Amino acid sequence: MARDFSTDPFWRVAAPLTVCDEQSPPKQADVVVIGGGFTGLSCARRLAQAGRSVVVLEAEEPGSGASARNGGMIGWGHRARFSSLAKKHGPAIAREILAEARRSYEFTTSLIQDEGIDCRFQVTGRYLGAASQKHYGELAREADLLREEVGLSIEVLTKADQAREIVTDSYFGGLLMPTHGALHPGLFHAGLLNAAQKAGAQVIGRTPVTGLRRDGDDTIVETPNGQVRAKEIAFAANGYAGQFSEALRAFERRLIPLPSFIIATEKLGSNRIKALMPGGRMYVDTRSVHSYFRADPDGERILWGGRASLNPITPTVAEPRLRGHMASIFPELRDVDVSHSWTGRIAYTRDTIPHIGKLDGVWFACGYCGSGVAMAPYLGWRMAEKILGTPEGATGFDTPAFNPVMPLYNGNPWFMRAIEAWHKFLDWRDGVRPAR
Ligand SMILES: Cc1cc2nc3c(=O)[nH]c(=O)nc-3n(C[C@H](O)[C@H](O)[C@H](O)COP(=O)(O)OP(=O)(O)OC[C@H]3O[C@@H](n4cnc5c(N)ncnc54)[C@H](O)[C@@H]3O)c2cc1C
């Protein structure tokens, strides 16, 4: 590890968290938004623009959650494959769900432009490396489907073609999505916070919502810093729903909070990075315990993310595991120093697609399954439109039901060890070389 090793996200070097001065919520508001990440801020911005009084209550500081901790890869794609969505819901709904992914990318990139947010956004393209010959065949078939069904611009690269994108023996070819991009999530979050506040939303930090109580047509929102009477409530706590109180139990039962981990290497120099990743893309792979990696916005370091564990472990424990994953793709990086190692929570759903709607009187948008940089601001906006009662509230996610993960599940994913073992088995079966 580097001498200045930190377990804060690398992004905070350029974008320290904004500390909210104000901590007393108002007595009443049209809408209380729970959570100050991309979903909550985007929802609040739209509601404030429409003239609603809106207060965002954030348990820590805005950006403490996944939104200012992620890999900054922005694209259109879902965890669920078109083929499995079509099998489950029929091709029409599957097409609509995929179309939402494209709309989310268009919405969020326009938002960045309209608000003039300087977050180092760039269209870099994304490369998805196939971790086995079997995965390569599956990817090539999925690419054909995506081109035919949703007109996605996508290129299939053989192992020989791949050398122009990434120099490794570990992938058997892959898919190139040239329209995907990269941004600095800390700067994007700070810009979105500023945009929501500029529109008139009040954002209050260190104020967890600890209770929700119906009172006639209103809801009384309880916090350690006082109560707020609100006409509408918007849930935007995603993978952190269970961390601060039991008030959000209905959502905890529907979301699986999974830790994801990232390390930043010491400065390696742009030439060394270009020699390994000549395509300059965002990179992900198909291993069950997958890796995602990229250069930092200055092109000097590598940021390497992945599932160092499916259970919460500290960033210090995760660091050598991620370095091992990195060395399995780029053996020459085995001994580089690491300056930052951090973790955050993503929220999975039972059917691996996001959900939006109203549950027990609370509006919600959540469950991005690790792909929320474009989707969370987008569904935050759609949730605001639902609250405003406009036609723009309709989405392709309105049909699939938002079911609990399983009976008696209360937000503690006790089954993760079994899933971890299952993933290892799948990789072994598919001929994937182990990451470590
Ligand atoms: C390490 C990591 C890497 C990722 N990489 C990518 C990537 O490269 N590309 C991509 O598309 N997606 C990525 N994601 C996913 C993406 O970051 C999330 O989908 C997205 O940020 C979710 O935004 P959100 O606003 O819904 O939730 P969050 O940003 O998690 O915000 C939820 C907030 O709610 C607050 N909260 C919780 N409970 C309460 C309460 N009771 N009262 C008040 N506030 C509360 C929390 O403190 C938190 O700040 C990654 C996630 C992680 C963790």
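A polar side-chain atom of Thr39 is placed 2.6 Å from an oxygen atom of the ligand. The structure described here is a predicted model, and the distances and angles given below are computed from its coordinates. In one, a nitrogen atom of the ligand lies 3.0 Å from a backbone N or O atom of Ala59. In the other, a polar backbone atom of Ala66 is 3.0 Å from an oxygen atom of the ligand. The ligand taken alone exposes 1,000 Å², of which the protein buries 97%. Thr39 belongs to the group that comes nearest among the 36 residues around the ligand, together with Glu58, Ser67, Met73 and Val209.

The largest nonpolar core holds 75 residues, and within it Val33 and Phe188 touch the most other members. Helix α10 (residues 375-388) contributes nine residues, the largest share of this core. A separate core of 25 residues lies apart from it and includes Ile166, Leu276, Ile302 and Ala318. When residues up to four places away in sequence are not counted, the contacts of Phe188 are Phe38, Thr108, Leu111, Ile112, Ile117, Cys119, Leu183, Val373 and Pro377.

Helix α4 spans residues 133-150. Its 18 residues reach 25 Å from the first C-alpha to the last, close to the 26 Å expected at 1.5 Å a residue. The buried positions of α4 are His135, Tyr136, Gly137, Leu139, Ala140, Glu142, Ala143, Leu146 and Val150. These buried residues pack against the helices α2 (82-89) and α3 (91-114), and also against the strands β4 (126-129), β5 (155-157) and β6 (174-177). Just after α4, Gly151 adopts a positive phi of about 65°.

The side chains of Asp430 and Lys134 are joined by a polar contact of 3.1 Å. Asp430 touches Ser132, Lys134 and His135, again leaving aside residues up to four places away in sequence. Because its relative accessibility is 10%, Asp430 counts as buried, the cut-off being under 20%.

Positive phi values were also examined at positions other than glycine. Most residues other than glycine have a negative phi. Asn238, however, has a phi near 40°. This residue is located in the loop between β11 (226-235) and α7 (249-252). With a relative accessible area of 15%, Asn238 is therefore classed as buried. Cys369 likewise is a residue other than glycine with a positive phi, near 55°. The loop that holds Cys369 runs between β18 (362-366) and α10. Its relative accessible area is 2%, so Cys369 is buried.

Notes. Residues numbered from 1 in each chain as written. Predicted model: local features only at pLDDT ≥ 70, side-chain atom pairs only at ≥ 80, totals over all residues. Heavy atoms only, no water. Helix = DSSP H or I, 4+ residues; strand = E, 2+ residues; numbered from the N terminus. Expected span 1.5 Å × (residues − 1). Buried < 20%, exposed > 50% of the residue type's maximum accessible area, 1.4 Å probe, protein only. Contact = heavy atoms within 4.5 Å. Core = buried A, V, L, I, M, F, W, Y, C linked by side-chain atoms within 4.5 Å. Near = heavy atom within 4 Å. Polar contact = N/O pair within 3.5 Å; in protein donor to acceptor, adjacent residues only side chain to side chain. Areas by Shrake-Rupley, 256 points an atom, 1.4 Å probe, with all protein chains shown as cover.
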